[in-house]
Amino acid sequence: MRADPLQFLSAELASLREQGVYRRLRVLDGEQRARTAVDHRSVVNLSSNNYLGLTTHPRLRERATEAVRTLGVGTGSVRTIAGTMEIHMELERRLAVFKKTEAAVVFQSGFTANAGTVSSVLTRDDAIISDELNHASIIDGARLSRATIKIFPHRDVEAARRVVAALPREQRKLLITDGVFSMDGDLGALPGLCELADEFGCIMMVDDAHASGVFGANGRGTIDHFGLHGRVDIQVGTLSKAIGALGGYVAGSRALVEFLYHRARPFLFSTSHPPSVAAACIAALDVLETEPQWMQQLWDNARFFKAGLQALGFDTGVSESPITPVIVGDAGLAMQLSDRLFEEGVFAQGIGFPTVPRGRARVRTIVTATHTRDELQFALDCFKKVGAELGILQ
Ligand SMILES: Cc1ncc(COP(=O)(O)O)c(C=O)c1O
């Protein structure tokens, strides 16, 4: 019998079990909703990025279904060969208007938008100056580019300035930050970094995955929130979170978009979205323009829930968004808290290293526009009970 060459993976998994951080995939029995059934248990769901509840919005459902009927279920090709339909172009035009840029290009995901853009725009001769907590897709894109990577402490513009100033003046530089940091819910240091980019002629890039649909007028994101239109060269967004469907996009100049059409490897070498996905995204943009009540409800709920967790005495870090971490430190404890909450009827995932630094493990909560006050109060009561039981609350 042939020895299993992947045997070492089982040892790795055993080690995860020993550390108490082995995770089984939770399975939703039905739709992605604020209260939903997960592993056959009805729970208040605080784990999704479905900020506005658009995963099940009737207008998106209708447009997607219509697109399946009229355009089929797939495209059968990458965008650059035969996989571009008029509906893909329409979505890109709509996103450019939404983000107030000349043009936009859609990728298969936010991950590929970041990784594909950073790795194609920068080369081994260039430098990337990146916030230490930027998303994994930015880190991977930076590594693929082979550029020199310089990390600055989280949101520390002065430290970023020292890094930039020490690099050769003529070297091409990309300054990059998340708009909203997905594990802490705080905002990137956009105004200060834009100043720095202006001063040193850096390319300025913002990943607004968690900000689109959440911050700014009609959910235009952090660039709109901070009044920085025209000062961020590369804006990334995702269609997989507040927009409720799937995909990512880059908004910027026409030249940037045309360049990415030619050079971004995920765009070139991976099949385009089914038309139903593009249709749902277009409908989501219609909803953002015409149904402001969802953003209003999202923020009302976020304020209520965050204040509730803080009043109970939890360490919620520095969040400024609907993402509120409950930081407990030890990864095993975070997983225990998450598991006990689940037994009580609240679904909030535990998150440890390498997603967050060691010693900063947490249960991450995200409220949505569609949670009711009763559901959020129930979740707070469960946090109180389990927090006391595990000795997190005194
Ligand atoms: C900050 C950030 N950027 C990018 C992504 C990737 O987006 P997507 O899920 O559309 O691939 C995520 C999502 O996990 C994220 O949190």
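Modeller: Helices (H or I, at least four residues) and strands (E, at least two) are DSSP runs, numbered from the N terminus. The model is predicted.

Colleague: What is the phi of R155?

Modeller: Most residues other than glycine have a negative phi. R155 is not a glycine, yet its phi is positive. The value is near 60 degrees.

Colleague: Which loop holds D39, and what is its phi?

Modeller: D39 sits in the loop between β1 and β2 (41-45). D39 is not a glycine either, but its phi is positive. That phi is about 50 degrees.

Colleague: Now the ligand. Where does the ligand sit?

Modeller: The shell around the ligand counts 15 residues, with G110, D207, T238, S240 and K241 coming nearest. The site itself is the largest pocket.

Colleague: Which helix gives the largest share of the shell around the ligand?

Modeller: By class, the shell has two nonpolar, 10 polar and three charged residues. The largest share by element is three residues, from a helix spanning residues 110-121. That helix is α4.

Colleague: How far is an N or O atom in the side chain of K241 from an oxygen atom of the ligand?

Modeller: Polar contacts need N or O atoms within 3.5 Å. G110 qualifies through a backbone N or O atom, 2.8 Å from a ligand oxygen. The side chain of H210 also reaches a ligand oxygen, at 2.8 Å. For the K241 side chain, the distance is 2.9 Å.

Colleague: How much of the accessible area of the ligand does the protein cover?

Modeller: On its own, the ligand has 390 Å² of accessible area. The protein covers 83% of that.

Colleague: Which residue forms a salt bridge with D339?

Modeller: The count of salt bridges is 26. In this one, the closest N and O atoms are 3.6 Å apart. D339 lies in helix α13 (residues 331-344), and its partner, 313 residues apart, is in the loop between α1 (7-18) and β1 (35-38). That partner is R26.

Notes:
Residues numbered from 1 in each chain as written. Predicted model: local features only at pLDDT ≥ 70, side-chain atom pairs only at ≥ 80, totals over all residues. Heavy atoms only, no water. Near = heavy atom within 4 Å. Polar contact = N/O pair within 3.5 Å; in protein donor to acceptor, adjacent residues only side chain to side chain. Areas by Shrake-Rupley, 256 points an atom, 1.4 Å probe, with all protein chains shown as cover. 1 Å grid on protein atoms, 1.4 Å probe; cavity = no way out; pocket = protein on both sides within 12 Å on 5 of 7 lines; lining within 4 Å. Sits in = over half its atoms within 2 Å of the grid points. Nonpolar A, V, L, I, M, F, W, Y, C, P; charged D, E, K, R; others polar. Salt bridge = Lys/Arg side-chain N within 4 Å of Asp/Glu carboxyl O.
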